[in-house]
Amino acid sequence: MMNLNDAKNTEISYLLFKIIKKFSEIDKKTRYYGTDRPLFYSEIHMIKAIKENEGIHITGLAEILGVSKAAVSQIIIRLEKKGLIIKEKDVTNQTKFLSKLTPLGEIAYINHFKFHESFDQMLAGILDGESGEKIDFLKRFLTTLKNELDIFSDKVGG
């Protein structure tokens with residue numbers, strides 16, 4: 001027979017799965033970020049990485065984003081075609097290219113930042129009025145959960 005704590009733990013587990021699923025749906029959704037061009041998750045995060053790491057090469061972008069250099073190259077080609085970035089020869093190394101945001105890329109970057117700000121505001125509204133102890137517990141819980149998920153992911157493999 002299941003005791004009350006087991007039932008609550010199961011309820012929390014299912015609720016977390018629902019939250020993760022909703023996050024995934026939100027994250028995977030194509031958005032325009034103030035432009036007339038649809039941008040995928042990988043594309044807007046490439047724009048962010050380029051903006052926040054000016055003068056970075058493909059290898060550096062791959063390291064930051066945790067993807068292959070081939071994946072970075074493909075995303076850069078798509079962003080060039082969409083008019084959001086331009087590639088320029090690196091003056092210090094003529095065999096490499098640097099990617100820079102176009103004015104349209106800057107608009108997407110700013111609106112992506114605003115998207116994250118609106119999420120932060122939503123979360124702040126939910127936590128408003130809660131005690132420091134509850135907020136500290138939530139932070140510890142989420143940090144532990146993230147670390148345990150890293151371990152779990154390694155155990156279950158790809």
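Student: Which element gives the largest share of the nonpolar patch?
Tutor: This is a predicted model, where local features need pLDDT of at least 70, side-chain atom pairs count only at pLDDT 80 or more, and totals for chains, interfaces and linings use all residues. Residues are numbered from 1 along each chain as its sequence is written, and side-chain values use heavy atoms, without hydrogens and water. The patch on the surface consists of Leu-15, Ile-19, Phe-23, Phe-119, Met-122, Leu-123 and Ile-126, and the elements giving two or more residues to it are helix 1 (4–28) and helix 5 (103–127). The largest share, four residues, comes from helix 5.

Student: In which helix does Leu-15 lie?
Tutor: Helices are DSSP runs of H or I with at least four residues, numbered from the N terminus. Leu-15 lies in helix 1.

Student: How far apart in space are Phe-97 and Asn-3?
Tutor: In sequence, Phe-97 and Asn-3 are 94 residues apart. From C-alpha to C-alpha, their separation in space is 61 Å.

Student: Which residues does Phe-97 touch, not counting those up to four places away in sequence?
Tutor: Contact means heavy atoms within 4.5 Å. With that exclusion, Phe-97 touches Ile-56, His-57, Lys-87, Glu-88, Lys-89 and Asp-90.

Key: Patches are made of residues with over 30% relative accessible area and no salt bridge: like charges are joined within 9 Å, nonpolar side chains (Val, Leu, Ile, Met, Phe, Trp, Tyr) within 5 Å. Accessible areas come from the Shrake-Rupley method with a 1.4 Å probe; for residues, only the protein chains shown count as cover. A salt bridge is a side-chain nitrogen of Lys or Arg within 4 Å of a carboxyl oxygen of Asp or Glu.
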